[in-house]
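Here are my notes on the model you sent.

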Amino acid sequence: MGITSPEKMAEVENLNSINLTRSLTDMIIAQDAQGEIDQSVIAEQKKRFSRDRQQGQRPALNPFDHPASRHREKNPHRTGDGSVQLANITTNQSKGFNLNKQEFVDAVALRYGWPVEGLPNTCVCGSPNSADHTMTCKKGGFVCIRHDEVRDLTASMLKEVCHDVSTEPTLLPLDGELLRYRTANTAPEARVDICARGFWTRGQRTLFGHPGLRPDGRLPS
Ligand SMILES: [Zn+2]
């Protein structure tokens, strides 16, 4: 929502920086210790870069700048308390907003911490329901989705540097071994998140596990 991409701006900003420091660079190359830089020229250059930057970013920062939303800007449908009904904004697939009306309303409510409409009072697990609970309830799918996203991303990166990378491999069954920690998974079909060979030591396997994350990125308490 109105955030520019540093990756797309980096090349232009690098050229700006080179141009801005060119007179200083020339003086250093010429080993000129007495010369002075005209600060008014530098200030003028900075102003021009800033103006060009703002003009260049304007289209990217107005994803809804098309005829339909311009019409709505002139005639916003306001609710009783005067706030603009965000549900009237057209979702725009070409800009990466691939949500339908209901998903868009829910996404805005979640983003701003507003109540989500139509949420049942009680979850199927029996707990009182809330937007936060729907994200963290183990009966829902979001816990698994977040866990699997991190697992698959980590595995894809490990594949670039390690051999024999697999996800969710089954561990060897226990034959009466005693494990030091009580939290150790001793189930017959116990699995680990990722297995990769050659991570710490050449040829040796390393097993990776992660506990999954809360929607805000914190570890579960
Ligand atoms: Zn629940």
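Helices, of type H or I with at least four residues, and strands, of type E with at least two, are DSSP runs numbered from the N terminus. The model is a predicted one.

1. By that numbering, Glu168 sits in the loop that runs between strand S1 (163–167) and strand S2 (194–197). Glu168 is not a glycine, yet its phi is positive, about 55 degrees. With a relative accessibility of 23%, Glu168 is classed as partly exposed.

2. Gln31 also deserves a look. Its phi is positive at about 55 degrees, although Gln31 is not a glycine. The residue belongs to the loop between helix H2 (22–29) and helix H3 (39–61). Gln31 counts as exposed because its relative accessibility is 67%, and the cut-off for exposed is over 50%.

3. Which protein atoms are donors of the zinc ion? They are SG of Cys123, SG of Cys125, NE2 of His133 and SG of Cys137, at 2.1 to 2.3 Å from the zinc ion. Along the chain these donors are spaced as C-x1-C-x7-H-x3-C.

4. The site of the zinc ion is tetrahedral, with angles of 103 to 117 degrees among the 4 donor atoms. For four tetrahedral donors the ideal angle at a metal is 109.5 degrees.

5. Cys123 is in the loop between helix H5 (101–112) and helix H6 (131–136), whereas His133 is in helix H6, so this pair ties together parts 10 residues apart in sequence. Are Cys123 and His133 buried or exposed? Both Cys123 and His133 are buried.

Technical notes
Residues are numbered from 1 along each chain as its sequence is written. This is a predicted model: local features need pLDDT of at least 70, side-chain atom pairs count only at pLDDT 80 or more; totals for chains, interfaces and linings use all residues. Side-chain values use heavy atoms; hydrogens and water are left out. Buried means under 20% relative accessible area, exposed over 50%, partly exposed in between (1.4 Å probe, protein chains only). Donors are N, O and S atoms within 2.8 Å of the metal (3.2 Å for Na, K and Ca); water is not among the atoms, so sites may look incomplete. Four donors count as tetrahedral if all angles lie between 85 and 135 degrees; four count as square planar and six as octahedral if opposite donors are over 155 degrees apart and all others between 65 and 115; anything else is irregular.
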